[in-house]
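Me: I would like to learn how to read the nonpolar core, the aromatic pairs and the surface of a model. Could you take me through them in turn?

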Amino acid sequence: MRRIIAALIFMLMGAGGMYAAFEYHIVQSREGWFFIPKSEAGLQDTYADIREWEATTWKNHPLLAQSLIQNGKGNLIIQSASNGIFDGFLPNSDKKRSAARQATPAIRSK
């Protein structure tokens, strides 16, 4: 009897997991984790780590982008799409600024 109950519990957990996978996107962004309802049921883009995505990456995931916009999280697309947009314009600018700060000694007034 215990085995039957355990099997039923695991089947219910599996069914719940599949339902969640078909109905929700699990999105990891710099702001945290989000469970976004899907606009269309399916297994595409069930999990997405968008922290390092660029604008070109979003072209391959239109359903995820649509779901984020429909659920008021379009700002996540803008934040991740801006990754690397200025790389060609400002090469190594952060490294130069931090090196300049370290090379300049602090001047104390007497």
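The dialogue below goes through these features one after another.

Reply: Please keep in mind that this is a predicted model, in which local features need pLDDT of at least 70 and side-chain atom pairs count only at pLDDT 80 or more, whereas totals for chains, interfaces and linings use all residues. Residues are numbered from 1 along each chain as its sequence is written, and side-chain values use heavy atoms, with hydrogens and water left out.

Me: Which residues have the most contacts inside the largest nonpolar core?

Reply: In soluble globular proteins, nonpolar side chains tend to be buried together. A nonpolar core is a set of buried Ala, Val, Leu, Ile, Met, Phe, Trp, Tyr and Cys residues joined through side-chain atoms within 4.5 Å, where buried means under 20% relative accessible area, exposed over 50%, and partly exposed in between (1.4 Å probe, protein chains only). Here the largest core has 13 residues, and those with the most contacts inside it are Val 27, Ile 50, Trp 53, Trp 58, Leu 64 and Leu 68. Strand E2 (32-37), helix H3 (62-70) and helix H4 (75-81) each supply at least two residues of this core; helices (H or I, at least four residues) and strands (E, at least two) are DSSP runs, numbered from the N terminus.

Me: What does Val 27 touch, residues up to four places away in sequence not counted?

Reply: With contact meaning heavy atoms within 4.5 Å, Val 27 touches Gly 32, Trp 33, Phe 34, Ile 36, Ala 48, Ile 50, Leu 64 and Leu 68.

Me: How many aromatic pairs does a search of the whole structure find?

Reply: A pair of aromatic rings is described by the distance of the centres and the angle of the planes. Rings of Phe, Tyr and Trp (its six-membered ring) pair if their centres lie within 6.5 Å, and planes under 30 degrees apart count as stacked, over 60 as edge-to-face and the rest as tilted. The search finds two pairs. The rings of Trp 33 and Tyr 47 have centres 6.0 Å apart and planes at 35°, so this pair is tilted. It links distant parts of the chain, with Trp 33 in strand E2 and Tyr 47 in strand E3 (residues 47-49), 14 residues apart. Trp 33 is exposed at 52% relative accessibility, while Tyr 47 is partly exposed at 45%. The rings of Trp 53 and Trp 58 have centres 4.8 Å apart and planes at 70°, so that pair is edge-to-face, and both Trp 53 and Trp 58 are buried.

Me: Is Met 18 buried or partly exposed?

Reply: Met 18, which lies in helix H1 (residues 2-23), is partly exposed, with a relative accessible area of 42%.
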